[in-house]
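Dear colleague,

I am passing on the structure we spoke about, and I would be grateful if you could look through it alongside the notes that follow it.

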Amino acid sequence: MDILKNMLLPPGVEHLQMLPVLVVFMLWAHLPFAGIAWICNLLSLVFWRRNPAAARDLGRVAPLTWSTVCIFIVLPLASLLFLFQHFLFGEMVPVGSYILRLTLPIILGFLLLALGQHRRQAAFVAAGSVLLAGGYFFFSSVMNLIFTPEKWPFIRRPMPDVFSVTVVVHFKVFCLVSVLLAGAAILFVLFHWPEKRLPVDAPHAETLRRMALAMVSGGSLLLPVFMIWELYVAPEPALSLNAFWLSALVLVLLAVLAIWSVTMLGRSASRWIAAAFVGALAVSGLLILKDHSLQAAANQEHWVLLNESSARALAEWQGQRAAQLAKNMVADDKLGEKIYNDRCTACHRFDQKVVGPPYNQVLPKYAGDMEKLKTFLRNPVKVDAAYPAMPNQGLTELEVASVASFLLKKHDEGK
Ligand code: HEC
């Protein structure tokens with residue numbers, strides 16, 4: 001991934017503060033939609049033969065069109081690739097190439113799902129679902145890797161650590177959140193959304209409603225177990241008070257969702273569907289935020305190093321630019337004359353004393369030594385006790401060179 005690496009400068013300080021915000025944003029854009037589309041398509045396979053109408057309706061919940069695939073899948077994944085490349089700048093860990101490797105199967109998986117739904121081919125949907133399961137398992141392992149900087153120097157394999165308990169727990173949390181979200185999305189799209197909802201007399205409506213409610217209750221009852229497990233196995237340096245608060249908030253939301261879904265299972269129609277959907281989205285959003293706060297705490301050391309290396313690189317770069325500028329700078333006699341007329345004649349003439357000494361008297365000592373004159377003009381030091389000190393004229397490098405060259409030329413001509 002040297003090509004990728006060479007495209008980047010180390011991120012600057014302000015830049016670093018933006019990175020996590022962007023990462024969280026991209027995960028928000030990607031994960032909920034991806035989870036809903038994946039689970040709904042998997043479920044539609046279950047109904048494919050027995051109940052084609054229900055299978056088709058499940059395919060409608062998170063429709064995979066060119067625009068949804070671009071907005072929710074391709075764009076966020078491509079951005080994450082660059083954001084993590086930036087964030088892990090200078091580390092040995094090849095997170096960028098891992099993300100690139102998992103982006104391809106995920107995009108391919110969604111394309112297969114779209115194709116399968118479009119052509120009514122169960123085999124495509126099945127292949128897409130399997131690819132996605134693999135892709136997101138890999139995704140969990142990469143996210144897990146980001147939490148554990150102490151492992152970075154030892155990672156050389158083409159795949160990060162996939163067989164650790166933490167990765168499995170992480171993946172389970174992703175699956176459960178997706179089930180919960182998919183359940184809420186099915187209810188929202190097929191039973192609430194005015195243009196998309198099922199006709200009241202659709203024969204499979206009750207089956208889908210009950211299934212979706214069961215998904216919400218199952219997800220909200222099981223998630224706490226895995227969430228607590230996840231906190232338990234998180235590496236110590238990653239734990240922060242923020243992560244605990246966010247987890248507590250999620251637990252409250254999950255309790256409310258569980259009570260709601262169980263209550264609605266006992267009724268013939270569901271109410272407060274939109275609120276439940278927002279609640280499920282909030283659960284997934286807060287979990288992403290919690291992961292981010294774990295990661296920020298785990299990566300503090302890397303952060304400090306990154307800040308330092310960025311300051312060093314910036315200074316180096318500015319030095320190079322100044323050297324380049326100085327080399328390319330050509331003194332401009334017109335500019336020199338203008339500065340002389342505007343700024344110097346107030347105190348200097350060539351042949352007469354004003355506030356400062358006449359140039360004819362002081363310039364001979366600079367003849368042939370333009371650099372010395374430039375040094376004086378950049379920062380006038382006290383020379384002659386008979387005069388007050390000359391105030392610094394605050395000239396730019398180009399102005400100094402131009403006026404110095406003008407003065408020496410004019411002095412030569414006058415001889
Ligand atoms: C506010 C008045 C003032 C202005 C404006 C001023 N100078 Fe001077 N300059 C002085 C004085 C006073 C001295 C004598 C300083 C000393 O001997 O310490 C001096 C000294 C000098 C010297 C001689 C230094 C030496 O080594 O003896 C040069 C050359 C010079 N000025 C160039 C300039 C140029 C070029 C400008 C316009 C960009 C300029 N000055 C504008 C007041 C001024």
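The side chain of Ser402 has a polar atom that lies 2.8 Å from the backbone oxygen of Leu398. Please keep in mind, here and below, that this is a predicted model. Ser402 belongs to helix H15, which covers residues 397-414, and with a relative accessibility of 0% Ser402 counts as buried, because the limit for that class is anything under 20%.

**The ligand and its surroundings**

The ligand takes up the space of the largest pocket, and the elements that give two or more residues to the shell around the ligand are helix H12 (333-344), helix H13 (359-362) and helix H14 (370-378). Of these, H14 gives the most, with three residues. In total, 24 residues surround the ligand, and the closest are Cys344, Cys347, His348, Tyr366 and Met390. Sorted by class, the shell around the ligand is made up of 17 nonpolar, three polar and four charged residues.

A polar backbone atom of Val383 is 2.7 Å from an oxygen atom of the ligand, while for Lys365 a polar side-chain atom lies 3.1 Å from a ligand oxygen. In the case of Lys382, a polar side-chain atom is found 3.4 Å from an oxygen atom of the ligand.

**Helix H7**

Helix H7, formed by residues 165-191, has 27 residues and reaches 38 Å from its first C-alpha to its last, which is close to the 39 Å expected at 1.5 Å a residue. This helix is mostly covered, in that 21 of the 27 residues of H7 are buried.

**Two loop residues with positive phi**

Arg120 is not a glycine, yet has a positive phi of about 55 degrees; its place is in the loop between helix H5 (95-119) and helix H6 (122-147). Trp272, also a residue other than glycine, has a positive phi near 55 degrees, and lies in the loop between helix H9 (241-265) and helix H10 (273-298).

Which of the classes, buried, partly exposed or exposed, does Arg120 fall into? Arg120 counts as partly exposed, because its relative accessibility is 27%. Trp272, for its part, is exposed, because its relative accessible area of 53% is over 50%.

With best wishes

How values were computed
Residues numbered from 1 in each chain as written. Predicted model: local features only at pLDDT ≥ 70, side-chain atom pairs only at ≥ 80, totals over all residues. Heavy atoms only, no water. Near = heavy atom within 4 Å. Polar contact = N/O pair within 3.5 Å; in protein donor to acceptor, adjacent residues only side chain to side chain. 1 Å grid on protein atoms, 1.4 Å probe; cavity = no way out; pocket = protein on both sides within 12 Å on 5 of 7 lines; lining within 4 Å. Sits in = over half its atoms within 2 Å of the grid points. Helix = DSSP H or I, 4+ residues; strand = E, 2+ residues; numbered from the N terminus. Nonpolar A, V, L, I, M, F, W, Y, C, P; charged D, E, K, R; others polar. Expected span 1.5 Å × (residues − 1). Buried < 20%, exposed > 50% of the residue type's maximum accessible area, 1.4 Å probe, protein only.
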